[in-house]
Structure formats: C-alpha cells, structure tokens
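I opened this entry to log what I looked up, starting with pockets and moving on to the fold.

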Amino acid sequence: MKLKKGDTVKVISGKDKGQEGEIIHVFPSDNKIIVNGVNTAKKHSKTSRSNKQGGIIDRDMPVDASNVMLVHKGKPTRVGYKIQADGTKVRVAKRNGEVIG
C-alpha cells in the first residue's frame, strides 16, 4: 500500500467525492483507510465506564484505498517508488517526479 498515516488525500469516487482529509488509520491487509471527516456514519452507543454519556455519535468508517488520491503540493497525484543512489526506497509523485516527504 502506497499510502501512509498522516498523508492528505482527496476522494475521487463515491458519495464523498471531492472531499479532502488526513489519513487516521491504515488497514493494509484489507486495502482500506480511514480518512478524517470522510465516510461518516451514525453509531448508537450505550453508556459504559469509558463512555459516560451514551447516544448517537458520528464515526469515520473505512474507505477503499483505490477511491482516494494522494495530495502533493495542492494537487492529487498517483504514487510510485524509486530507488535512490544510496539504496533507499522513496515514494515519488507521478505528476512531477518529486520525492514525497
């Protein structure tokens, strides 16, 4: 998976198309990610020790990684890999060939 926690992504398909947000959690085995403020669902929660007040809360649900694009310098781009001269593997923006930090 070419996306990491903390990356800013833009949704390119689905009900939240056009929204941008930061990746909170990555599930590489399922090829899914959770993006802050994207694909929210209402969750009914009971009162418990950790959750003193029950009720309906908004919760971010996973979205497939193929439905988002990484945002680099304000524009969405595809991501690739490149081996540098010293042998390190880095992520590269396909739009302009720059290394993604």
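**Pocket**

I looked up the largest pocket and noted a volume of about 180 Å³. A pocket here is an open set of points on a 1 Å grid over the protein atoms alone, where a 1.4 Å probe fits, with protein on both sides within 12 Å along at least five of seven lines. The volume is the space filled by probe spheres set on the points.

The model is predicted: local features need pLDDT of at least 70, side-chain atom pairs count only at pLDDT 80 or more, and totals for chains, interfaces and linings use all residues. Numbering runs from 1 along each chain as its sequence is written, and side-chain values use heavy atoms, without hydrogens or water.

Next I listed the lining (residues with an atom within 4 Å of a point). Among them are Met-1, Lys-2, Leu-3, Asn-31, Arg-78 and Val-79. Strand E7, residues 68-72, gives the largest share of this lining, 3 residues. Strands are DSSP E runs of at least two residues, helices H or I runs of at least four.

**Fold**

I counted 0 helices and 10 strands. The radius of gyration is 17 Å, well over the 13 Å of the globule rule for 101 residues, so the protein is more spread out than a compact globule. That radius is taken over C-alpha atoms, and the rule is 2.2 Å times the number of residues to the power 0.38. The C-alpha trace spans about 55 × 30 × 20 Å along its principal axes.

I then checked burial (under 20% relative accessible area, 1.4 Å probe, protein chains only). Buried residues make up 27% of the 101.

Definitions and conventions: Buried < 20%, exposed > 50% of the residue type's maximum accessible area, 1.4 Å probe, protein only.
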